[in-house]
Each structure stands twice: as structure tokens, then as C-alpha cells.
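Try each task before you read its solution.

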Amino acid sequence: SRCTLDTQYCTSDPWIPFFITLLPLTWRMLQCLRRFYDDGKRAHLVNFGKYATSVAAVVIGSAHPDFTSASSYWPMQRVLYIV
């Protein structure tokens, strides 16, 4: 990632924020499945659905042209929001 303070824009691989965003969601989603397996309570499946919906939103949002083009510049605020 290369950032300049003059323009406050960063250029980076667009997949890095994608994976950084997915890691905690996927982790919690798998924890919910594990807790459902251990306890059998449906509340854990509801939480699993919540995290699965968030993962789907991130995956669908990553297909947006602003995120997929390698030559696009990212405002610093967008990078900080994703992280």
C-alpha cells in the first residue's frame, strides 16, 4: 500500500481490505456453528445467520467496480472505515 499525505489517497491491492473485513466475520460465524453443535440452542443459529448475511454483504459489495479496478484510488476515509 502506498499513501501520500498530499492527496490523502491510497493505492493498494483491492483484495486486502476484503480479506481483512471477512476474517472476524468468518471467525464469529464458525464460533456460532460450534456453539450450536455443542449446545443445540437455536439462538446460535440465528447469530450464525446474522454473520452469514454480513459475509454475503461484504462479498457482494466487493464486486462493486470501485473496489475491483486496480487503478482506482481509495480515499483515506474509505480505507479507515473498512479496517
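The exercises below go from the whole fold to one helix and then to one residue.

The model is predicted, so local features need pLDDT of at least 70 and side-chain atom pairs count only at pLDDT 80 or more, while totals for chains, interfaces and linings use all residues. Residues are numbered from 1 along each chain as its sequence is written, and side-chain values use heavy atoms, leaving out hydrogens and water.

**Exercise 1. Find the residues of the largest nonpolar core.**

Step 1: A nonpolar core is a set of buried Ala, Val, Leu, Ile, Met, Phe, Trp, Tyr and Cys residues joined through side-chain atoms within 4.5 Å. Buried means under 20% relative accessible area, exposed over 50%, and partly exposed in between (1.4 Å probe, protein chains only).

Step 2: list the members. The largest core has 8 residues: F18, L22, L25, M29, C32, Y51, V55 and V58.

Step 3: assign them to elements. At least two residues come from each of α1 (15-39) and α2 (42-62), and α1 gives the largest share, 5 residues.

Step 4: look at one member. Beyond its neighbours within four places in sequence, F18 has contacts (heavy atoms within 4.5 Å) with V58, V59 and S62.

**Exercise 2. Work out which side of α2 is buried.**

Step 1: check the helix length. The expected span is 1.5 Å times one less than the number of residues; for the 21 residues of α2 this is 30 Å, and the end C-alpha atoms are 30 Å apart, so the two agree.

Step 2: pick out the buried residues of α2, namely H44, Y51, V55, V58 and S62. They lie on the same side of α2 because their arc around the axis is only 55 degrees, taken from the directions from the helix axis to the C-beta atoms.

Step 3: turn to the face away from the buried side, where R42, V46, T53, A57 and I60 are exposed.

**Exercise 3. Is H44 buried or exposed, and what does its side chain contact?**

Step 1: H44, in helix α2, has a relative accessible area of 9%, so this residue is buried.

Step 2: its side chain makes a polar contact with the side chain of D39 at 3.2 Å. Such a contact is a pair of N or O atoms within 3.5 Å; within protein, one must be able to donate a hydrogen and the other to accept it, and residues adjacent in sequence count only if both atoms are side-chain atoms.

Methods
Helix = DSSP H or I, 4+ residues; strand = E, 2+ residues; numbered from the N terminus.
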